[in-house]
Amino acid sequence: MKDWWQETFPKGRQSLIISDVHGYPVQIAYGEKGTGRPLFLIHGMGSWSYNWRYSVAPLSKYFRVICVDAKGFGFSDKPCLRQEKNGHQVIELERIIQCLCDEPAIVVAESLGALVALALAQRNAELIGRLVVINAPIFTESLPHWAMSILAQTPIEILQTIDDLRLAYLFAPIVREVMAIERRKVLFDPSILTQEDVYWITYPFIEIPGTLVKVAEELQIAAREIENWQANKPNMLSEIQNKLNLIEAPTLILWGDQDSWFPASHGEKLHQHLPNSKLQILDNCYHDASTGSAKVVNKEILQFLKETDFL
């Protein structure tokens, strides 16, 4: 199987070192293609840069496209001995953008990445010139998938043992088949998911130790956030919701009309709370919009950036 990074980006997979919220250095994997204004592509939970495989080339004709693997995902470092702090992704994305560009960036983010991007736009408005959020879990009331719930309830020590024994590697065919089945469920046209796609989507879980543990840790943070929200205890979800009116950057909200994880009504609600936003509902689109509706997503992004004088 050809190296996706080498095939996609002129310099292949690159890396930078940032400090995480604990002050420890972590290596972040990224790839970039094109010149011009920086445009960051930010993936969702359990994914990595590969999810943007259909957007890199089209968008890099106009921008310096930068795909980033968040800490704990894809090919970035997975420090498993330090308990994560709530909101660490926001601070780490801020530091990544600051390291890689010296002008306001375009941030295109999907699912959990979109929630992180919204929080960053509130925290540091100067970093983001334009914002595109896709199927964001901003108003979610539960984890959207049964496997997420299982991982969120499983003690980290058990998952660490599974990881240490490399059971995902030993049972790779089964892991690939199960994940392929589940990924097809978030696509309007499941047939577009190829065997090569399945190989790369599952690669970090099978080949890179620590991936399962870090994804589970993030899910446990998310589950606690939802529980605190339901109990009216302090939580980041409410903080982000209550500060949406502070987001200054022109924002495009893209939402799948058939997203079973986070319904399109959430997109409409987000639009109502963002004074400088545009909402576009994507026809025949499930949760995985960056894969299942890539052509339309790319078109809408370029149109929005043209309308707001960023193209």
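This is a predicted model: local features need pLDDT of at least 70, side-chain atom pairs count only at pLDDT 80 or more; totals for chains, interfaces and linings use all residues.

Me: With which strands does strand 5 pair, and in which sense?
Reply: Strand 3 (residues 38–42) pairs with strand 5 over four bridges, and Ile42 has Ala109 as its bridge partner there. Strand 5 also pairs with strand 6 (residues 128–134) over six bridges, where Ile106 has Arg130 as its partner. The partners are therefore strand 3 and strand 6, and strands of a sheet pair through backbone hydrogen bonds, either parallel or antiparallel. For strand 3 with strand 5 and for strand 5 with strand 6, the sense is parallel.

Me: How many residues of strand 5 are buried?
Reply: Strand 5 covers residues 105–110. Ala105, Val107 and Ala109 point one way, while Ile106, Val108 and Glu110 point the other way, and all are buried. The count for strand 5 is six of six.

Me: Which residue in strand 4 stands opposite Pro38?
Reply: Strand 3 and strand 4 (residues 64–68) pair in the parallel sense over five bridges. In strand 4, the residue opposite Pro38 is Arg64.

Me: What is the hand of the β-α-β unit that strand 5 makes with helix 4 and strand 6?
Reply: Helix 4 spans residues 112–123. The unit of strand 5, helix 4 and strand 6 is right-handed.

Me: Is Leu120 buried or exposed?
Reply: Leu120 is in helix 4. Leaving out residues up to four places away in sequence, Leu120 touches Val90, Leu93, Glu94, Ile97, Ala125, Leu127 and Ile128. Its relative accessibility is 0%, and the cut-off for the term is under 20%, so Leu120 counts as buried.

Me: How far apart are the C-alpha atoms of Leu120 and Glu227?
Reply: Leu120 and Glu227 are 107 residues apart along the chain.

Me: Which helix gives the most to the lining of the largest pocket?
Reply: The largest pocket has a volume of about 970 Å³, and of its 32 lining residues the closest to the centre are Ala147, Leu151, Met179, Glu182 and Phe205. Helix 5 (146–153), helix 7 (167–170), helix 8 (172–184) and helix 10 (211–230) each supply at least two residues of the lining. With six residues, the one that gives the most is helix 8.

Me: Which helix has the largest share of the lining of the largest cavity?
Reply: The structure holds five cavities of 30 Å³ or more, and about 410 Å³ of space lies in the largest cavity. That cavity is lined by 27 residues, with Met45, Leu112, Leu115, Pro137 and Ala222 nearest its centre. Helix 3 (88–100), helix 4, helix 10 and helix 11 (236–242) each supply at least two lining residues. The largest share, six residues, comes from helix 10.

Definitions and conventions. Residues are numbered from 1 along each chain as its sequence is written. Side-chain values use heavy atoms; hydrogens and water are left out. Buried means under 20% relative accessible area, exposed over 50%, partly exposed in between (1.4 Å probe, protein chains only). Two strands pair if DSSP finds at least two bridges between them. A crossover is right-handed if, with the strands pointing away from the viewer, the path from the first strand over the helix to the second runs clockwise. On a 1 Å grid over the protein atoms alone, a cavity is a set of points where a 1.4 Å probe fits but cannot get out, and a pocket is an open set with protein on both sides within 12 Å along at least five of seven lines; lining residues have an atom within 4 Å of a point. Grid points are joined across faces, edges and corners, and a volume is the space filled by probe spheres set on the points. Contact means heavy atoms within 4.5 Å.
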